[in-house]
Amino acid sequence: MSQHPDFSSRSAAAGVDTLFSHRWSPRAFKKTAIPIETIESIFDAARWAPSCFNEQPWLFVTSSNDKDFDTFLGLLNESNQVWAKNAGLIGFIFSKKTFAHNGNDNNKAKFDCGAAWMSLTLQANMHQLHTHGIGGIDYANVYTTLNISPKDYDIICGFALGKIDLPNTLSDELSAKESPSGRNPLDSVWQAGIR
């Protein structure tokens, strides 16, 4: 059984790089340490994402196989802890609520954080690593546990990052979901001109 997912069911338009069509979010991770140089390059790629007024409102708080890993894991819902425990890194994405230059609300911050998330994900893929965004987290305790001010930041989600493993390392229920999903047709998400 191959650790490489089967992307044959995904068909992208001519000219779309496989960097995009082969991105997916597995749950089967192999417990493997990630070199600090690799981690730095992944988050540095996020640093170069575009943002409104070059605000760079994202904050990534992470732990990788060290004394804090179990604390970070405990901030995920139990159903996510089951598989995320094998990731090489667990993290949380925060979005700064206001602009630094004038203190006004930044209603583009979450959009910008999405761009940074995609940047770090694609850089991780270039290192043969994968990411999985996690909405099922302990929202009430993330701020206090990680010492982040809810007055200044919104928590967006958690995430796991690591080396992919075989689907059969998961429960039967999760293993059945462990394949790249399809996408809606292009004409359902793109409108050229006025209808």
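Leaving aside neighbours within four places in sequence, which residues is D112 in contact with? Contact here means heavy atoms within 4.5 Å. The views below come from a predicted model, in which local features need pLDDT of at least 70, side-chain atom pairs count only at pLDDT 80 or more, and totals for chains, interfaces and linings use all residues. Residues are numbered from 1 along each chain as its sequence is written, and side-chain values use heavy atoms, with hydrogens and water left out.

**View 1. D112 in helix α5.**
With neighbours up to four places away in sequence set aside, D112 is in contact with P50, S51, C52, P57 and W58. Helices (H or I, at least four residues) and strands (E, at least two) are DSSP runs, numbered from the N terminus. D112 is buried yet has no salt bridge. Buried means under 20% relative accessible area, exposed over 50%, and partly exposed in between (1.4 Å probe, protein chains only). A salt bridge is a side-chain nitrogen of Lys or Arg within 4 Å of a carboxyl oxygen of Asp or Glu. The nearest side chain of opposite charge to D112 is K108, 8.6 Å away; Lys and Arg count as positive and Asp and Glu as negative, while His and the chain ends are not counted.

**View 2. A116 in helix α5 (residues 109-126).**
A116 has a relative accessible area of 0%, so it is buried. Leaving aside its neighbours within four places in sequence, A116 is in contact with A46, A49, W58 and F60. The C-alpha atoms of A116 and I93 are separated by 9.8 Å, and these residues are 23 apart along the chain.

**View 3. The largest nonpolar core, of 24 residues.**
A nonpolar core is a set of buried Ala, Val, Leu, Ile, Met, Phe, Trp, Tyr and Cys residues joined through side-chain atoms within 4.5 Å. F92, F94 and L146 touch the most other members of this core. Two or more residues come from each of α3 (69-73), α4 (78-84), β3 (89-96), α6 (139-146) and β5 (153-164). Apart from this core lies another, of 19 residues, among them F60, L89, L120 and F159.

**View 4. Two of the aromatic pairs, F60 with F159 and F72 with F92.**
The structure holds eight aromatic pairs. Rings of Phe, Tyr and Trp (its six-membered ring) pair if their centres lie within 6.5 Å; planes under 30 degrees apart count as stacked, over 60 as edge-to-face and the rest as tilted. The ring centres of F60 and F159 are 6.4 Å apart and the planes stand at 85°, so this pair is edge-to-face. F60 belongs to strand β2 (residues 58-63) and F159 to strand β5, 99 residues apart. Both are buried. The pair of F72 and F92 is tilted, with 6.0 Å centre to centre and 45° between the planes. F72 is in helix α3 and F92 in strand β3, 20 residues apart.

**View 5. The salt bridge between D154 and K110.**
The closest N and O atoms of this bridge are 3.9 Å apart. The pair links distant parts of the chain: D154 lies in strand β5 and K110 in helix α5, 44 residues apart. D154 is partly exposed, because its relative accessible area is 24%. K110, at 52% relative accessibility, counts as exposed. K97, K110 and D154 are linked in a network of salt bridges.
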